Amino acid sequence: MSNVKPVSNINQDFDPRLLLLVLVQNVVWVVTLLLVSATTAFLLIRYTQPIYQTKSIIQLTSESNKQKSNLIEGVSQLYAEDLAKQVELLRSPVFIRRVIEKLDLDISYFNKGNIIDFEIYKQSPYSVEYEVIDKIIYSVPVYIRIKSNSAEIFYKIKNKEIKQVISLGAWTDFPEFRLKVNPDYEKLEKIKGDFYFIINDPNKQVQKYRTNLKVKVLNEAAKTIEISLEDNNPVKAADFVNGMAKEFEVFHTEKQQESANQVIAYIDRTLGLVTEKLSENEKKLSGVNRIFEDGMLLPLETDVSNQTKLLFELENAKLKLELEMQILKNLLQKQKFTSADIYEQLVILSGTETEKYLSPILNQIRNLLGRKEDIAYNVTPNSKAFEAIDYQIKIQQDALIQSTKTIQEVYQNRLNTITENISRLKSVIMPQAPGTKGDTSNIELAKLRRIQAINEKYYNSLIDKRTEYMLAREGYVPEYQILQYAVSPEQPIAPNRQLIILSSLAGWLVLSLMLVLVRYLFYDEILSAQDIAKHTQAPILGIIHKYKEEIPISQLVIDKKPKGLIAEAFRAVRSNMQFLNNEPGPKVISVTSTISGEGKTFITMNLAGILAFTGSRVILLDCDLRKPKIHLGFETDNNAGVSTILSHQTSLDQCIKSSKLANLDFITAGPPPPNPSELLLSQAMSTLLEDLKKKYDYIVIDNPPVGIVSDAISNLIKSDFPIYVFRSEYSRKFFINNLNRLLEESKISKMSVILNGVDLQKAGKYGYGYSYNYGYGYNYGYSYGYGYGYGYGYSGYGYTYGYGYYDQEKGMEIKEPFLTRVLRLRKKKNTNGTA
């Protein structure tokens, strides 16, 4: 048995005929999968909400603002130099919320359909004004039926349905919101159906558009950004994308102008203070001027000593230092700085001595604050990036405060020195003056004039700065341009009809192939003699065709049509038995199978009948003591039989019964015994067979299935012709393992096989054709050509297609395969041509 290929649970060899058979057997499932795939494709195409995509392209530029003020140039670079930052800005929830608020997307109007509801964006026959009282109303469909002067409102919240009739154009209170409906009667005549609206949750709206929005850098070299959106409404999608492009301009304009507006506001406040000082100083000057006009004093220029000039210079330096000190004092009062504070301080320090010391630190803080604003769109305030940049800002602020304090100390020492020198000069000048009062008035007048001149200069400087910032603000041109506006698309991107159809066909094909492949791999039914022969060395005794008419209770069919195909098949088995064992003397034939239902009783009875046709004396024994059937076939009782003979309750002659066929007797199984195995293994069984050999030429035994019980093994060993029955398209391939065990373990070397129930039509259609050729060197063949040579010359009456040696039975017509017929006709034509 070493050359026998063991039986596997999976088909390891490729058999195209078996694959075709499996395909035909599962054609209903394949067609069903095709219908399911086609139905799925139809439903997807017909009832899926269409999705439209629209896009806009913007380009960042920097040429338009090259001539703008250097004071806001840093802000421009902060927002325009990095494309990635602009992309994140466009995708940020804060920016998307701005766009939603500008487009009034807080409420959605729908027209209810049978299966799909459609949004009637900008086409609604009514508009709704509302005030939310309870946020539970968000995302709840509110149905509305508009009549002539009223409307019926109904919605459901927490399984509670609320209905109310309201007046059109008037506010109505509901538990969750206040509502006012304004109808458009012209549109109501055009648009029919059931309507409802939804008050959208702002947070969910932002998340929805953020999910469907795609922003990407289209060309880094050209600094172009593509904005695209997918939505069920094409008009809304186009409006939203264009709204983003416009809001991008507004946002950048606001950011560019924000610092300028804050600086201008500070200059306006400072101008107010300077104006008050100028007015106050002018009043003092007018009082001193009246003294000169009355002739009480001479003008200061007519009598001023060198000491007095020096005093004037020191007074001017002291005033400047006091202004510097005031700036430093205001700077130290700030605990934290914003971008506006930084620009304000830069303006204040402009033109001062302190500017060269503190401007670098202020610019560094300004850059850090700009970076902080950028990452605020992408990360949360508690993130590591936020903490890192806050730490850097704190370090710079500490450095600014420390530097300010140091400069303040230097200025204070310098101010103390100047004040001391002024006091000395005054003490020197005052006693030397011929007229103390006159000299004092001259000094006071000079001081007031200096203060007036400084204030006027400061006032004019602030006016110039204010004008510069206003020009920069009003003259700002957005640093980007729209290269492509979004348009309302006509065709949706989904559902893609072609893709769905191809996917459905591909899915059907894959599932069908998987189904057929799995069925093929796990197809373990025996179909042909080849399936048996390649797994065992037991010779195949014959093939019994499928009987398509109703089998009688007796299961004996050979007597119905002695020249029929079934009868000829059993004659072939009878002939092959002679090749296996042609020795003279009575023969014992034991028939078994793996399980019930494989046709062993059918084989046993008809084989016994075909042997009786030759005139041989044949007796049939029913040794299936557990489940006897022979008595049913011969329509007799089962009161006595093998069991009673083996238990010595009756004699052999009392149990032998004659059938309607000549030369055919039978012994039924008898009443089921409690110990069938022991009876069949007893010496009485051997004695019974020896007694029967004296009276009959053939003893045919119907044994129980060996795959279920082991009762039949002893009879198989004692037999001259142990026969194992398989049934086509019923017996499993692993049943062959039972046959091999009998050959190897039980040493039943004479075991042969009969394949029962072969469908000739199916065999011909799928290439499992069978032919029989009896001649020298016995050849039992089928389309695969297996031969067994026993050296007996036998010239039989073999049969093949269309020679009329047997009567074709109903349903047993053999159809020649199409390819075989074509080849045969072609061969015949060539032969005729040669002749």
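**Figure 1. Salt bridges across the predicted model.** A search of the whole structure, which is a predicted model, finds 27 salt bridges. One of them pairs D239 with K122, whose closest N and O atoms lie 2.6 Å apart. D239 belongs to helix 8 (residues 234–293), while K122 sits in the loop between strand 3 (118–119) and strand 4 (126–132), so this pair ties together parts that are 117 residues apart in sequence. K122 is exposed, with a relative accessible area of 51%.

**Figure 2. The salt bridge between R178 and D173.** The side chains of R178 and D173 meet at 2.7 Å, N to O. R178 counts as partly exposed, at 25% relative accessibility.

Figure 3. D624 and K600 form a salt bridge in which the closest N and O atoms are 3.4 Å apart. K600 lies in helix 17 and D624 in the loop between strand 16 and helix 18, so the pair ties together parts that are 24 residues apart in sequence. Both D624 and K600 are buried.

**Figure 4. The largest nonpolar core.** This core holds 35 residues, and the members that touch the most others are I544, F570, I589 and L607. At least two residues come from each of several elements: the helices are helix 16 (565–580) and helix 17 (600–612), and the strands are strand 14 (540–545), strand 15 (587–593), strand 16 (618–622), strand 18 (664–667), strand 19 (698–702) and strand 20 (721–727). Helix 17 provides the largest share, eight residues. In soluble globular proteins, nonpolar side chains tend to be buried together.

Figure 5. Leaving aside residues up to four places away in sequence, I589 touches M577, L607, L611, Y698, I699, V700, I701, S719, F721 and I723.

Figure 6. C623 is buried, with a relative accessible area of 1%. C655 also counts as buried, at 1% relative accessibility. The structure holds zero disulfides.

**Figure 7. A nonpolar patch on the surface.** V27, V28, V31 and L35 make a nonpolar surface patch of about 350 Å². L35 is part of helix 2 (residues 27–47). The relative accessible area of L35 is 53%, which means that this residue is exposed.

**Figure 8. The cis peptide bond at P495.** The peptide bond that runs from A494 to P495 is cis, with omega near 0°. P495 is placed in the loop between strand 13 (480–484) and helix 14 (497–521).

**Figure 9. Positive phi at K158.** K158 is not a glycine, yet has a positive phi of about 55°. The residue lies in the loop that connects strand 6 (150–157) with strand 7 (160–167). K158 counts as exposed, at 73% relative accessibility.

**Figure 10. Positive phi at E635.** E635 has a positive phi of about 50°, although this residue is not a glycine. The loop between helix 18 (630–633) and helix 19 (642–646) contains E635. With a relative accessible area of 62%, E635 is exposed.

**Figure 11. The chain as context for the close-ups.** The secondary structure of the chain comes to 26 helices and 21 strands. Of its 835 residues, 45% are buried. Among contacts with a separation of 6 or more, 77% are between residues 24 or more positions apart. The chain has an accessible surface of about 43,700 Å², and carbon and sulfur atoms account for 53% of that surface.

Terms used:
Residues are numbered from 1 along each chain as its sequence is written. This is a predicted model: local features need pLDDT of at least 70, side-chain atom pairs count only at pLDDT 80 or more; totals for chains, interfaces and linings use all residues. Side-chain values use heavy atoms; hydrogens and water are left out. A nonpolar core is a set of buried Ala, Val, Leu, Ile, Met, Phe, Trp, Tyr and Cys residues joined through side-chain atoms within 4.5 Å. Buried means under 20% relative accessible area, exposed over 50%, partly exposed in between (1.4 Å probe, protein chains only). Helices (H or I, at least four residues) and strands (E, at least two) are DSSP runs, numbered from the N terminus. Contact means heavy atoms within 4.5 Å. A disulfide is a pair of cysteine sulfur atoms within 2.5 Å. Patches are made of residues with over 30% relative accessible area and no salt bridge: like charges are joined within 9 Å, nonpolar side chains (Val, Leu, Ile, Met, Phe, Trp, Tyr) within 5 Å. Accessible areas come from the Shrake-Rupley method with a 1.4 Å probe; for residues, only the protein chains shown count as cover. A salt bridge is a side-chain nitrogen of Lys or Arg within 4 Å of a carboxyl oxygen of Asp or Glu.
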